[in-house]
Amino acid sequence: MSANDHAFTGKVAFVTGAASGIGRATALAFARAGAHVALADLSSEGLKETARLIKKEGGQVLALTCDVTDEAAVRSALDDTVRACGRLDAAFNNAGIEQAVKPAVDVTKDEWDRVLGVSLTGTFLCMKHEIVLMRQQRSGVIVNASSGAGVKGFKGSAATPRPSTASSA
Ligand SMILES: NC(=O)c1ccc[n+]([C@@H]2O[C@H](COP(=O)([O-])OP(=O)(O)OC[C@H]3O[C@@H](n4cnc5c(N)ncnc54)[C@H](O)[C@@H]3O)[C@@H](O)[C@H]2O)c1
């Protein structure tokens with residue numbers, strides 16, 4: 001998507017994990033392509049910076065502090081998006097955390113639960129509530145971030161799940 005591509009003018013995009021990394025870069029790309037972008041993340045500081053970068057380029061942005069493992073928070077962030085921006089055309093479910101690379105026998109149940117809670121359950125909760133809104137407007141596109149380890153397992157990465165692929169688990 002180039003900065004001159006206005007393919008998303010008039011569209012609304014919701015991006016989770018938008019406070020840094022791939023989520024921030026995707027949010028900026030959506031904004032450069034003309035979308036009104038709703039940013040969701042745990043980190044309000046990181047969200048402020050992503051919003052600042054988008055506004056600096058003249059883009060439209062809404063920042064929403066949201067824990068994707070909390071269903072009520074996910075639903076509320078999506079409802080706020082539709083209330084403020086009018087619709088929901090695209091969703092990028094990208095919030096995720098990585099398991100420290102180590103043998104499966106050394107992964108604690110707490111670590112396992114945390115990775116699956118954010119990366120797998122969080123993605124499911126976002127999809128569930130995005131689909132409700134997109135069905136109402138009879139259109140919409142959802143993309144889930146994945147990992148190479150969701151396609152092909154590799155040493156030291158037992159807990160790398162994504163519903164869009166299979167899962168290392
Ligand atoms: N960077 C890579 O090489 C790579 C490779 C494969 C997959 N991924 C996946 O891509 C996604 C983004 O990766 P990244 O490198 O940009 O990571 P990152 O750590 O820079 O960004 C992840 C974001 O998710 C947010 N987040 C974490 N838990 C959250 C929660 N419960 N609710 C809401 N937000 C939460 C973090 O605050 C952070 O802003 C992740 O899901 C990651 O697993 C990344």
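Visitor: Among contacts between residues at least 6 apart in sequence, what share joins residues at least 24 apart?
Guide: That share is 62%. Keep in mind that this is a predicted model.

Visitor: How many helices and strands are there in the chain?
Guide: The chain has 5 helices and 5 strands. Going along the sequence, they come in the order β-α-β-α-β-α-β-α-β-α. The radius of gyration is 16 Å, close to the 15 Å that the globule rule gives for 169 residues, so the chain is as compact as a globular protein of that length.

Visitor: And what box do the C-alpha atoms fill?
Guide: Roughly 50 × 30 × 25 Å, taken along the principal axes.

Visitor: How much of the chain counts as buried?
Guide: 41% of the 169 residues do. The accessible surface is about 8800 Å², and carbon and sulfur atoms account for 54% of that.

Visitor: Let's zoom in. Where is T16?
Guide: T16 sits in strand β1, which covers residues 12-16.

Visitor: Is T16 buried or exposed?
Guide: T16 is buried: its relative accessible area is 1%, and the cut-off for buried is under 20%.

Visitor: Which residues is T16 in contact with, leaving aside neighbours within four places in sequence?
Guide: Those contacts are G23, A40, V68, F92, N93, N94, A95 and C126.

Visitor: Last one: how far apart are the mean positions of the positive and negative charges?
Guide: They are 5 Å apart, counting 19 positive and 17 negative charges.

How values were computed: Residues numbered from 1 in each chain as written. Predicted model: local features only at pLDDT ≥ 70, side-chain atom pairs only at ≥ 80, totals over all residues. Heavy atoms only, no water. Helix = DSSP H or I, 4+ residues; strand = E, 2+ residues; numbered from the N terminus. Rg over C-alpha atoms; globule rule 2.2 N^0.38 Å. Buried < 20%, exposed > 50% of the residue type's maximum accessible area, 1.4 Å probe, protein only. Contact = heavy atoms within 4.5 Å. Areas by Shrake-Rupley, 256 points an atom, 1.4 Å probe, with all protein chains shown as cover. Lys, Arg positive; Asp, Glu negative; His and termini not counted. Charge placed at Lys NZ, Arg CZ, Asp CG, Glu CD.
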